[in-house]
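Trainee: Could we go through this model together? I'd like to start with the ligand and then move on to charged pairs.

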Amino acid sequence: MKILVAVKRVIDYNVKIRVKPDQTGVETANVKMSMNPFDEIAVEEGIRLRENGGAEELIAISVGSKQAQETIRTALAMGADRGIHVATDEEIEPLAVAKILKAIAVKENPDLIILGKQAIDDDSNQTGQMLAALLDWPQGTFASELTINESIAHITREIDGGLETLNLKMPAIITTDLRLNTPRYASLPNIMKAKKKTIDEISPADLEVDISPRITTLKVEEPSSRQAGVIVEDVAQLVDKLRNEAKVI
Ligand code: AMP
């Protein structure tokens, strides 16, 4: 079995996001970048499938600038076998990423493609679903458990008020939820080994994919800041404020 895993380079989840003064986007210069957390879970799941004999090859793919190779290297250091970097300096939308992943899937013929459920920078939650539609493959989104049996992927999804289990006939698309696993840290020997692993660099044009944007961002704004709180004297004052100032009772 061959597995593709999509890894995006995003602003690290610990960084406090700052909006650019001209409101066209958020500051990315001199900001710590990391692998999207849901993609770390995707890589970990792929490695576990390979370690327990369920898969022979795990390929990490990232679409983006030259630095996206660092994200691929992280996946290789965790345990992926090789990488594919689709190089572009353009801002790339989920539909374009889905088309690129489709083109790679047609060449590589994987049994499973694992993506994060969402990228924490754009919060789109679209790429996996679009990819499944483009390939016409079954999809299991927000997976919190995954087992493979013969050519069936059994997945559990957390839904409102319970769990849903799905059987997907492979090839299939899986997107990861937080509880699927806890990703490993790359050990120093594995970081060294990862330097020798191959990353193929291609362009969207090599894959004959048009990545021109379909969406225009009109404006990005900071959330409005919270007003300072007050300490009330007693319950009567609290009720009065809720009734007459907040007008919620
Ligand atoms: P999104 O639909 O943007 O929320 O992203 C969902 C998932 O698609 C991410 O968790 C990644 O697995 C994958 N993905 C999105 N953009 C990229 C990218 N530029 N390179 C590689 N994978 C991506």
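Mentor: What follows covers the ligand site and then the salt bridges.

Mentor: Keep in mind that this is a predicted model, where local features need pLDDT of at least 70 and side-chain atom pairs count only at pLDDT 80 or more, while totals for chains, interfaces and linings use all residues. Residues are numbered from 1 along each chain as its sequence is written, and side-chain values use heavy atoms, with hydrogens and water left out.

Trainee: OK, how many residues surround the ligand?

Mentor: There are 19, and the closest are Asp-39, Ala-119, Asn-125, Gln-126 and Thr-127; a residue is near if one of its heavy atoms lies within 4 Å of the ligand. By class, the shell has eight nonpolar, eight polar and three charged residues, with Gly counted as polar and Tyr, Cys and Pro among the nonpolar ones.

Trainee: Which element gives the most to that shell?

Mentor: Strand 4 does, with three residues, and strand 4 (57-64), helix 3 (94-108) and strand 6 (112-116) each supply at least two. Helices are DSSP runs of H or I with at least four residues and strands are runs of E with at least two, numbered from the N terminus.

Trainee: And which backbone atoms lie by the ligand's oxygens?

Mentor: A backbone N or O atom of Gln-126 is 2.8 Å from a ligand oxygen, and one of Ser-124 is 3.3 Å from a ligand oxygen. The side chain of Asp-122 also places an N or O atom 3.0 Å from an oxygen of the ligand. The protein covers 99% of the 490 Å² of accessible area that the ligand has on its own, by the Shrake-Rupley method with a 1.4 Å probe.

Trainee: Switching topic, how many salt bridges are there?

Mentor: The structure holds 17, each being a side-chain nitrogen of Lys or Arg within 4 Å of a carboxyl oxygen of Asp or Glu. One of them joins Glu-201 and Lys-66 at 3.6 Å, N to O. Glu-201 lies in strand 11 (residues 199-202) and Lys-66 in the loop between strand 4 and helix 2 (68-78), so the pair ties together parts 135 residues apart in sequence.

Trainee: Is Lys-66 buried or exposed?

Mentor: Lys-66 counts as exposed at 55% relative accessibility, whereas Glu-201, at 46%, is partly exposed; buried means under 20%, exposed over 50%, and partly exposed in between (1.4 Å probe, protein chains only).

Trainee: What about Arg-82 and Glu-108?

Mentor: Both are buried, and they form a salt bridge with the closest N and O atoms 2.8 Å apart. Arg-82 and Glu-108 also belong to a salt-bridge network with Lys-2 and Glu-57.

Definitions and conventions. Polar contact = N/O pair within 3.5 Å; in protein donor to acceptor, adjacent residues only side chain to side chain.
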